[in-house]
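Welcome! Here is a short tour for anyone meeting this structure for the first time. Take a look at the sequence and the model, then read on.

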Amino acid sequence: MYIRVIKNSLKKELTYNWAIVFNIIASVLTIILLRSFWKAIYKVDYTQYIYMINYSTISMIFVPLLTIISPNEMSNKIRNGGISIELIRPWNYLVNLFFIDIGVICAKIITAILPIILISKIFFSLYIPSMVCLVLTMVSLMLSFIILFLISNIISMICFWITEAWSLILLLNVAVQFFSGQFIPSWIMPKWLRSLMDVLPFIWIYQKPAQLYILGLNNYEYNYRIYYECYCNQFLWILVLLFVAWVITSAFLNSIISVNPL
């Protein structure tokens, strides 16, 4: 059943050919701007410049891999009342949304990620690590996706109690981009802001997997302790977010029952 959900989501994403082209162009232009920015910052430190342009490039490549559309799906269902139908279907609605996002990512791999990697390698000298490092980084990235999925849908559930949730979803997107180190990593931030980023889950979405990817630049590629610590922290955040999602879902279902008693 969930395989069919993935296939339908994949077909839907592959329908818009021009959107695919524009997304690739936008990603490449963003990479060019970020390279210019880091070149201006580290024009006398070539080693740090190479590190940062690889960091920013791989972070941009991660963006399509961390595409979450389910919050909009859920908020629309809540707004039009369709959520009641979804909840009585013979499957877990949150799991169904998860596989919808998986289908979107499969499409992004074909239409965005592979072209961007190819362009970045040819024109921007993107660092490619060993297969071992690449696989270990992908494990971290999958955990990042789960963290982002849980955060996004926890926010979406709040739509049931408020009139308009688009502002919350927009605020979440801004928070993820800023506090995750997607564009500017935490070690460049002021100490107080760096401390705040370290205690939030967002940094484990982009910055930590990106750092794992470019470990080979500093000859730490096979220091498995770094990978282990990253996985442990990501698993911990997943458990915390699963608990929060369970609490909110229970309150969510109780509210529906009180509104529509049997």
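## The overall picture

Among contacts in the protein chain between residues at least 6 apart in sequence, 80% join residues at least 24 apart; contact here means heavy atoms within 4.5 Å. The chain holds 11 helices and zero strands, and from the N terminus on its elements run α-α-α-α-α-α-α-α-α-α-α. Helices (H or I, at least four residues) and strands (E, at least two) are DSSP runs, numbered from the N terminus. Of the 262 residues of the protein chain, 45% count as buried. Buried means under 20% relative accessible area, exposed over 50%, and partly exposed in between, using a 1.4 Å probe and protein chains only.

Please keep in mind that this is a predicted model: local features need pLDDT of at least 70, side-chain atom pairs count only at pLDDT 80 or more, and totals for chains, interfaces and linings use all residues. Residues are numbered from 1 along each chain as its sequence is written, and side-chain values use heavy atoms, with hydrogens and water left out.

## The largest pocket

The largest pocket has a volume of about 500 Å³. Of the 18 residues that line this pocket, the closest to its centre are Leu66, Thr67, Ile68, Asn173 and Gln177. On a 1 Å grid over the protein atoms alone, a pocket is an open set of points where a 1.4 Å probe fits, with protein on both sides within 12 Å along at least five of seven lines; lining residues have an atom within 4 Å of a point. Grid points are joined across faces, edges and corners, and the volume is the space filled by probe spheres set on the points.

Which helices build the lining of the largest pocket? Helix H4 (70-80), helix H7 (131-157) and helix H8 (166-179) each supply at least two residues, and H8 gives the largest share, five residues. The lining divides into 11 nonpolar, seven polar and no charged residues. Here Ala, Val, Leu, Ile, Met, Phe, Trp, Tyr, Cys and Pro count as nonpolar, Asp, Glu, Lys and Arg as charged, and the others, Gly among them, as polar.

## Two threonines

Threonine 67 lies in the loop between helix H3 (46-65) and H4, and counts as buried because its relative accessibility is 18%. Its side chain reaches the backbone oxygen of proline 64 at 2.8 Å, and a polar atom of that side chain lies 3.5 Å from the backbone oxygen of valine 63. Leaving aside neighbours within four places in sequence, threonine 67 is in contact with Asp101, Val104, Ile105, Lys108 and Phe145.

Threonine 111 sits in helix H6 (residues 93-124). With a relative accessible area of 12%, threonine 111 is buried, and its side chain reaches the backbone oxygen of alanine 107 at 2.8 Å.

## A valine in helix H2

Valine 28 is found in helix H2 (residues 17-41). Is valine 28 buried or exposed? It is buried, because its relative accessible area is 15%. Leaving aside neighbours within four places in sequence, valine 28 is in contact with Ile119 and Phe124. Valine 28 and methionine 60 are 32 residues apart in sequence and 8.8 Å apart in space, C-alpha to C-alpha.

## One salt bridge

A search of the whole structure finds one salt bridge, meaning a side-chain nitrogen of Lys or Arg within 4 Å of a carboxyl oxygen of Asp or Glu. The side chains of glutamate 229 and arginine 225 meet in it, at 2.7 Å, N to O. Both residues lie in helix H11 (residues 224-259), four residues apart, about one turn of the helix. Glutamate 229 is partly exposed at 38% relative accessibility, and arginine 225 is partly exposed at 48%.

Conventions: A polar contact is a pair of N or O atoms within 3.5 Å; within protein, one must be able to donate a hydrogen and the other to accept it, and residues adjacent in sequence count only if both atoms are side-chain atoms.
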